[in-house]
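The sequence and the model are shown below.

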Amino acid sequence: MTITIRPRRTVLAAVLTLPLVIGLSACGGDTEADTAASDGTSTSGDGAAAQEEVTLKLAHSYTEEQPQHRCGAAVIAEEVAASDVGLTIDIFPSSQLGGDADRISAVVAGDIDMDIQGASALGAVYEPIGILDAAYAFEDGPSLSAFVAGDASEGMRTAFADASGVNVLGAWSAGARQFTANTPIRTPEDLDGLRMRFPNSPQFLMNAKALGASATEVAYEELYLALQQGTVDGQENPIVNIDAINLDEVQEDISLSNHQLNSNLVIVGPVWDKLSDEQQSALQGAVDAAVEKVPACVEESEQKILQEWKESGAMEVIEDVDVESFRTKARAYFEENLKGETLDLYTAIMDSSTR
């Protein structure tokens, strides 16, 4: 069984020649395109014609060491290969095919077949979907996955597909986002006076207001330097991302606020309608397998990283965060400020919660 992971040098020329498909502002989560990837897809749009050999390009922004790749993208490729339905997945990690906004454009155009994106980034195509990244919207990763797969989100998935021509096959969480700074952050009041970096995304910036933070927009790629030079005082990210870019070298404390479940949605572009029914079923099953595997993989990685920080003293792990005060503040803000379809979707999320 072979899974192809393309080295950066083999795709650079293709990335530089990508057409500009649609103008999207960069508005994704962290970590935060190539020409059409389907080889030999001559089947009809109803997916019922004779099956052909197809190779799909799957892009994402994570490193090969992160659980989003190891237990997500790689599992999708492995499961598809094992299904033996004439379908192969080529993986392009580490933003090899462009940043979030560029890749969304390419998936919409069919230049990239599949992508792993945060809900906030997908909000550039269909704004309400970004609310999946709202602070304290979900209790845990399985809750997020179940909502996206369930009946309560069917309208959202349909509206997103209508707006973009792109289907959502599943979702998982890359872990809860946590605050880091050179001081503990236990309550919303502890954010006063701190310049906290948040991603340049409408939903993330709304989260900052909901949590009581003063947001400073800094690109993920520039975050380490911004913290090192004191341009910002702190930031928020999942533990696996904090570790991936060595923020423990420039921050003293990590406060376990668990204030947002960092979403990853697996999306597929127009090539979906060219796949046979058997290939569609195999691909959906592969995504389902990854959705099942990622939470435990993320949890294992997080616990290992936290233990290493505790033992080395690289960062002080603050566990006595007043999560309820943050949650109450955030929900009151959203209920007052959300409107229209976005409010309807937020209400559906709250109604689906077992809390």
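## The disulfide

A disulfide is here a pair of cysteine sulfur atoms within 2.5 Å. In general terms, a disulfide is a covalent bond between the sulfur atoms of two cysteines. The model is a predicted one, and under this rule the count in it comes to 1 disulfide.

The link joins Cys-71 to Cys-297, with a distance of 2.1 Å from S to S, and with 60° about the S-S bond it is right-handed. The two cysteines belong to distant parts of the chain, since Cys-71 is in helix α2 (residues 67-83) whereas Cys-297 is in helix α10, 226 residues apart. Both Cys-71 and Cys-297 are buried.

## The chain as a whole

The chain holds 12 helices and 10 strands. Of its 355 residues, 54% are buried.

## Helix α5 and its buried face

Helix α5 spans residues 141-149, and its buried residues are Gly-141, Leu-144, Ser-145, Phe-147 and Val-148. Viewed down the axis of α5, these buried residues fall within an arc of 165°, and they therefore line one face of the helix.

The elements against which the buried residues of α5 pack include both helices and strands: α6 (154-164), α10 (277-312) and α12 (340-352) on the one hand, and β5 (167-181) and β9 (253-268) on the other.

Is Gln-260 buried or exposed? Gln-260 counts as buried because its relative accessibility is 1%, a value under the 20% below which a residue is called buried.

The side chain of Gln-260 makes a polar contact of 3.1 Å with the side chain of Asn-207. When neighbours within four places in sequence are left aside, the residues in contact with Gln-260 include Asp-133, Ala-134, Ala-135 and Tyr-136, together with Gly-175, Ala-176 and Arg-177, and also Phe-204, Asn-207 and Glu-236. Asn-258 likewise has its place in strand β9, but at 35% relative accessibility Asn-258 counts as partly exposed. Although Asn-258 is not a glycine, it has a positive phi of about 50°.

## Residues in loops

A positive phi is also found at Asn-246, which is not a glycine either and whose phi is about 60°. Asn-246 lies in the loop between α9 (239-244) and β9, and its relative accessibility of 35% makes it count as partly exposed.

Two further loop residues are buried. Pro-93 is in the loop between β3 (87-92) and α3 (100-109), and it counts as buried at 0% relative accessibility; its C-alpha is 5.6 Å from that of Ser-61, a residue 32 residues apart from Pro-93 in sequence. Asp-111 is in the loop between α3 and β4 (114-117) and counts as buried at 12% relative accessibility. Asp-111 and Pro-270 are 159 residues apart along the chain, and their C-alpha atoms are separated by 9.4 Å.

## Aromatic pairs

A pair of aromatic rings is described by the distance of the centres and the angle of the planes. How many aromatic pairs does the count come to? The count comes to 4 aromatic pairs. In one of them, the rings of Phe-179 and Phe-326 have centres 5.9 Å apart and planes at 45°, so this pair is tilted. It connects distant parts of the chain, with Phe-179 in strand β5 and Phe-326 in helix α11 (residues 323-337), 147 residues apart, and both Phe-179 and Phe-326 are buried.

Tyr-333 and Phe-334 form an aromatic pair that is edge-to-face, with 6.1 Å from centre to centre and 80° between the planes. Phe-334 counts as buried, at 0% relative accessibility. Ring pairs link Tyr-333 and Phe-334 with Tyr-346 into a cluster.

Notes: Residues numbered from 1 in each chain as written. Predicted model: local features only at pLDDT ≥ 70, side-chain atom pairs only at ≥ 80, totals over all residues. Heavy atoms only, no water. Buried < 20%, exposed > 50% of the residue type's maximum accessible area, 1.4 Å probe, protein only. Helix = DSSP H or I, 4+ residues; strand = E, 2+ residues; numbered from the N terminus. Arc of directions from axis to C-beta. Contact = heavy atoms within 4.5 Å. Polar contact = N/O pair within 3.5 Å; in protein donor to acceptor, adjacent residues only side chain to side chain. Phe/Tyr/Trp six-rings, centres within 6.5 Å; stacked < 30°, edge-to-face > 60°.
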